[in-house]
Amino acid sequence: MKNLIRAIAFAAKKHRNQRRKDHEASPYINHPIALADLLANEASVEDERVLMAAVLHDTVEDTETTGQELAREFGKEVADIVLEVTDDKSLGKAERKRLQIEHAPHISRRAKLVKLADKICNLRDVAASPPAGWDLARRQGYFDWAKAVVDGLRGVHPGLEHIFDEAYKSRPTTD
């Protein structure tokens with residue numbers, strides 16, 4: 001429990017000035033906490049390293065955090081999970097999205113759990129409070145792309161996959 005709380009505090013510090021792209025500009029830290037909550041309380045995942053990686057999953061991608069820093073603070077296993085789900089921001093968005101689909105089947109079981117939770121939480125957020133300026137086609141496109149990523153993760157956790165399928169049913173069809 002202490003390690004998970006330390007990871008939450010670390011992520012909160014790293015994401016402290018960031019906001020989500022929804023209309024309310026929600027505090028960014030709500031997103032990684034939602035992943036850990038989903039994994040622990042909806043999917044009954046008890047693996048501390050997975051929960052820590054869920055909380056930390058965007059720190060390398062979206063802050064000045066390095067993989068070495070995560071390894072030093074939380075151990076190599078947690079850092080490796082985070083790095084497996086981290087996009088290379090030096091690439092264009094279309095290439096990053098393509099690579100997520102391509103790499104999904106090949107990441108570790110723990111990384112697949114984090115990736116699944118991320119896609120579920122993102123679908124829920126896009127359905128409930130989409131990013132400002134996202135029209136219907138963009139929201140639908142996001143849902144379809146997320147499904148393509150998740151299709152490569154299937155077989156890792158039937159319960160999470162069912163939760164994803166339920167979230168996917170909220171795919172927007174009208175504005």
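Author: Let's begin with a term we will need: a charge sits over a ring if NZ of Lys or CZ of Arg is within 6 Å of the ring centre and within 35 degrees of the ring normal. Please keep in mind that this is a predicted model.

Before we go in, here is the setting. The C-alpha trace spans about 45 × 35 × 30 Å along its principal axes.

The largest pocket has a volume of about 1,000 Å³. It is lined by 35 residues, and the closest to its centre are Arg20, Lys21, Tyr28, Asn122 and Tyr142. Two or more lining residues come from each of helix 2 (30–42), helix 4 (59–62), helix 7 (93–103), helix 8 (109–128) and helix 9 (136–151). Helix 8 gives the most, with 7 residues. By type, the lining of the largest pocket divides into 10 nonpolar, 8 polar and 17 charged residues.

Tyr142, one of the residues closest to the centre of that pocket, leads us to some aromatic neighbours. Ring pairs link Tyr142 with Trp134 and Trp145 into a cluster, and the whole structure holds 5 aromatic pairs. Here our opening term comes in: the charged end of Lys97 sits over the ring of Trp145, 4.8 Å from the ring centre.

Let's move on to the second largest pocket, which holds about 180 Å³ of space. Its lining has 14 residues, and Glu84, Thr86, Asp87, Leu99 and His103 lie nearest its centre. Helix 6 (76–84) and helix 7 are the elements that give two or more residues to this lining. The largest share, 4 residues, comes from helix 7. The lining of the second largest pocket divides into 6 nonpolar, 3 polar and 5 charged residues. Notice that helix 7 turns up again: it also gives two or more residues to the lining of the largest pocket.

Finally, a word on annotation. An unreviewed UniProt entry places the feature "domain: HD" at residues 28–123. Over that stretch the chain is 72% helix and 0% strand, and the end C-alpha atoms are 16 Å apart.

Key:
Residues numbered from 1 in each chain as written. Predicted model: local features only at pLDDT ≥ 70, side-chain atom pairs only at ≥ 80, totals over all residues. Heavy atoms only, no water. 1 Å grid on protein atoms, 1.4 Å probe; cavity = no way out; pocket = protein on both sides within 12 Å on 5 of 7 lines; lining within 4 Å. Points joined across faces, edges and corners; volume = space filled by probe spheres on them. Nonpolar A, V, L, I, M, F, W, Y, C, P; charged D, E, K, R; others polar. UniProt positions renumbered as here; feature names shortened; annotations may be inferred. Phe/Tyr/Trp six-rings, centres within 6.5 Å; stacked < 30°, edge-to-face > 60°.
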